[in-house]
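Dear colleague,

I am handing over the structure below, and my notes on it follow. Please read them with the structure open beside you.

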Amino acid sequence: MNNITFAIIKPDAVNNNFTGKIYNHILKSGFKVLSAKLIKMSKHQAQNFYLIHNDKPFYNELTDFMSSGKCMVLALKKDNAVNEWRKTIGATNPDDAREGTIRKLYANSLAENAVHGSDSSENAKKEIGFFFSEIELI
Ligand code: CMP
């Protein structure tokens, strides 16, 4: 399953009307969209999704932000999907992201960095399972 990854277009990017541009960037980068939907997480859901970061000083800020507005969640398919998606989005901090990456183009800050990407195939599977049921993955 190293051809699947999970992405979120975060509340900052949805609010700034970048959803369409980022979706297009995904397709132009050669990913197939297995599924996509708009959601709004509760604080509790955001805390569960980012449980791995619950010991970090930014956990409260992160989960407040991720539950502050609509997100688009996506299951993406491409050979070597996790690494390819991380290359496409660029470094976590947009100040460090390469030119032409999604975070360089659309993110404002480390905390509000436009998109999320899974860091491993194992986590991609878990994260897809968090948001999608089997019949939604086409
Ligand atoms: P993401 O790929 O969604 O995974 C965890 C998120 O935590 C990350 O993107 C950033 O948006 C956020 N993050 C990481 N480091 C910090 C930090 N120092 N301060 C605030 N948010 C952070």
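The chain has a radius of gyration of 14 Å, which agrees with the value near 14 Å that a compact globule of 138 residues would have; the radius is taken over C-alpha atoms, and the globule rule is 2.2 Å times the number of residues to the power 0.38. Please note that this is a predicted model, in which local features need pLDDT of at least 70 and side-chain atom pairs count only at pLDDT 80 or more, while totals for chains, interfaces and linings use all residues. Residues are numbered from 1 along each chain as its sequence is written, and side-chain values use heavy atoms, with hydrogens and water left out.

Along its principal axes, the C-alpha trace spans about 35 × 35 × 25 Å. The chain contains 7 helices and 4 strands, where helices (H or I, at least four residues) and strands (E, at least two) are DSSP runs numbered from the N terminus, and their order along the sequence is β-α-α-β-α-α-β-α-α-β-α. Of the 138 residues, 46% are buried (buried means under 20% relative accessible area, exposed over 50%, partly exposed in between, with a 1.4 Å probe and protein chains only). If one takes the contacts (heavy atoms within 4.5 Å) between residues at least 6 apart in sequence, 74% join residues at least 24 apart.

The largest pocket holds about 710 Å³ of space. A pocket here is an open set of points, on a 1 Å grid over the protein atoms alone, where a 1.4 Å probe fits, with protein on both sides within 12 Å along at least five of seven lines, and lining residues have an atom within 4 Å of a point. There are 26 lining residues, and Y50, I52, H53, L62 and H116 lie nearest the centre of the pocket. At least two residues of the lining come from each of α3 (43–49), α4 (59–66), α5 (81–89), β4 and α7 (121–131), with α7 giving the largest share, 4 residues.

N17, although not a glycine, has a positive phi of about 60 degrees; N17 sits in the loop between α1 (11–15) and α2 (19–28) and counts as exposed, at 66% relative accessibility. A114, also a residue other than glycine, has a positive phi near 70 degrees; A114 lies in the loop between α6 (102–106) and β4 (115–117), but is buried, with a relative accessible area of 0%.

With best wishes

Note on methods:
Grid points are joined across faces, edges and corners, and a volume is the space filled by probe spheres set on the points.
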